[in-house]
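Here are my notes for you, jotted down point by point. Keep the model open while you read, and look up each residue as it comes along.

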Amino acid sequence: MKLGITQTLKVTRIAEHGVYLGDLYPDKSENGDITEADVLLPRNQSGGLSINDRIEVFIYKDSEDRPVATTSSPLITLGSVAVLTCKEVTRIGAFLDWGLTKDLLLPFREQTKKVEKGDRVLVALYTDKSNRLCATMKVYHYLKKNSPYTKDDKVSGTVYEVSGNFGTFVAVDDMYSALIPKKELFHPIPIGAKITARVVNVLDDGKLTLSCREKSFLQMDADARLILISLKSAGGFLPFHDKSSPEEIKERFGLSKAAFKRAIGSLYKASEIEILEDGIRLTEN
């Protein structure tokens, strides 16, 4: 019998408060006796069962830290990842609704951002040092690497970690491992945000590299519209040009310098703007 997973067990004995379940194929001890641990399936879920009947159950621990079986299906199982809702926050952590009577603890130390009541958070299920089931927002090692996606596919996912060194980590479809590299980020994306992105590369280990921008020739029109809107709101002139620093351009437009130059080049060819030594200006029609 294993904690945290759905499994088929058999009825070993019947009691007033329910039935006890054991392994279908229990181990034998050295002296030949069958060693068979029992777990309770409460009476309100065990009606009509007889000795040796088989039943599929999920095993977790009750409020007194005792293993207990249930026929209910949890929203998450051991080693898997799911988005769960926070029901309350206490002095020991956040408690999540995972579809069972006893809520699931998300300890403070396993939170990558402050969780509040009503938040929906991406978590994995693990057993702690005391062999209790708990949730963690540190899901990197629980995500799959066998996604069906290929280069240039559009994908959706949840941001679960932000690294100053690497970029923004995303769980595509809330299950596959992906990264938006730092160089592809022009606006900060908070943990928990739902995003849509483009697959730039599928690495040898199956992890996805993403970008929130289209290919340059497709993105250029959107960037050009952004610059036009900025120009109009600024009265027709902006002090940005070929010599402007990448940092200034990124802060003002959220674009790389290369993307900015492509966009203003397109606007210039379309006679939408003039490119001056000290900036860009809308053309007078």
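1. Start at Val159, which sits in strand β11 (residues 154-163); strands here are DSSP runs of E with at least two residues, helices are runs of H or I with at least four, and both are numbered from the N terminus. A quick word on the ground rules: this is a predicted model, where local features need pLDDT of at least 70, side-chain atom pairs count only at pLDDT 80 or more, and totals for chains, interfaces and linings use all residues. Residues are numbered from 1 along each chain as its sequence is written, and side-chain values use heavy atoms, with hydrogens and water left out.

2. Is Val159 buried or exposed? Val159 has a relative accessible area of 1%, so it is buried (buried is under 20%, exposed over 50%, partly exposed in between, with a 1.4 Å probe and protein chains only). Beyond its neighbours within four places in sequence, its contacts include Thr168, Phe169, Ile191 and Gly192, where contact means heavy atoms within 4.5 Å.

3. Tyr140 is in the loop between β10 (133-136) and β11, while Phe169 is in strand β12 (residues 167-172), so the pair ties together parts 29 residues apart in sequence. Phe169 counts as buried at 12% relative accessibility, whereas Tyr140, at 28%, counts as partly exposed.

4. Now look at Phe240 and Phe253: with centres 5.2 Å apart and planes at 70 degrees, this pair is edge-to-face. Phe253 is buried, with a relative accessible area of 4%. The charged end of Arg252 sits over the ring of Phe253, 5.3 Å from its centre (the rule asks for NZ of Lys or CZ of Arg within 6 Å of the ring centre and within 35 degrees of the ring normal).

How values were computed:
Phe/Tyr/Trp six-rings, centres within 6.5 Å; stacked < 30°, edge-to-face > 60°.
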